Amino acid sequence: MQTYLAVAAGVAFLTGVAHSVLGEMLIFRQLRRGTLVPGQDAPPLRSRNIRIIWATWHVATLFGWAFAGVLLQLALSPQASLVSLFLSATVAAYAGGSLLVLVGTRGRHPGWIALAAVAALVWTAAGTA
């Protein structure tokens with residue numbers, strides 16, 4: 001088993017859990033009217049804006065979980081022909097995401113640290129594969 005990839009998968013999965021749970025508790029709960037999808041206006045945003053933000057918020061979590069699943073699969077049974085391409089794509093996606101969150105929030109949102117950790121772990125794993 002590739003330990004760095006397994007740890008990266010765990011960090012990616014837990015980041016997705018924290019992202020969705022904290023988003024629901026800190027942002028979307030206040031915009032709900034007894035429905036699953038929040039739809040209350042939050043000026044200057046209209047309800048349609050809130051709904052798409054809610055959906056996009058959770059799509060990001062799903063993408064993170066998808067990456068976590070693939071990382072875990074590679075940790076448990078690596079496919080040599082696909083490993084290099086996949087690891088490069090993963091490092092680029094997580095490092096790019098980390099940079100966007102870091103710049104976009106001026107470092108105030110801690111998500112950039114978890115994304116950078118996944119990128120670093122995968123990059124390290126790629127060097128030992």
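Guide: A definition comes first: rings of Phe, Tyr and Trp, the last by its six-membered ring, pair if their centres lie within 6.5 Å. The model under discussion is predicted.

Visitor: Which residues do ring pairs link into a cluster?

Guide: A search of the whole structure finds four aromatic pairs. Ring pairs join three residues into a cluster, namely Phe67, Phe86 and Tyr94.

Visitor: Is the pair of Phe28 and Trp57 stacked or edge-to-face?

Guide: A pair of aromatic rings is described by the distance of the centres and the angle of the planes. For Phe28 and Trp57 the centres are 5.7 Å apart and the planes stand at 80 degrees. Planes over 60 degrees apart count as edge-to-face, so the pair of Phe28 and Trp57 is edge-to-face.

Visitor: How many residues apart in sequence are the parts that Phe28 and Trp57 tie together?

Guide: Phe28 lies in helix α1, and Trp57 lies in helix α2 (residues 47–76). Both Phe28 and Trp57 are buried. The parts that the pair ties together are therefore separated in sequence by 29 residues.

Visitor: Are α1 and α4 roughly parallel or roughly antiparallel?

Guide: Helix α1 (residues 3–28) packs with helix α4 (residues 111–128) at about 165 degrees, their axes being 9 Å apart. Angles over 145 degrees count as roughly antiparallel. The two helices, α1 and α4, are therefore roughly antiparallel.

Visitor: How many residues of the contact of α1 with α4 are nonpolar?

Guide: The contact includes Leu5, Val11 and Thr15 of α1 and Val118, Leu121 and Thr128 of α4. Of the residues in this contact, no residue is charged, three are polar and the nonpolar ones number eleven.

Terms used:
Residues numbered from 1 in each chain as written. Predicted model: local features only at pLDDT ≥ 70, side-chain atom pairs only at ≥ 80, totals over all residues. Heavy atoms only, no water. Axes fitted to C-alpha atoms, helices over the stretch in contact; angles between N-to-C directions. Helix = DSSP H or I, 4+ residues; strand = E, 2+ residues; numbered from the N terminus. Parallel < 35°, antiparallel > 145°, perpendicular 65-115°, else oblique. Contact = heavy atoms within 4.5 Å. Nonpolar A, V, L, I, M, F, W, Y, C, P; charged D, E, K, R; others polar. Phe/Tyr/Trp six-rings, centres within 6.5 Å; stacked < 30°, edge-to-face > 60°. Buried < 20%, exposed > 50% of the residue type's maximum accessible area, 1.4 Å probe, protein only.
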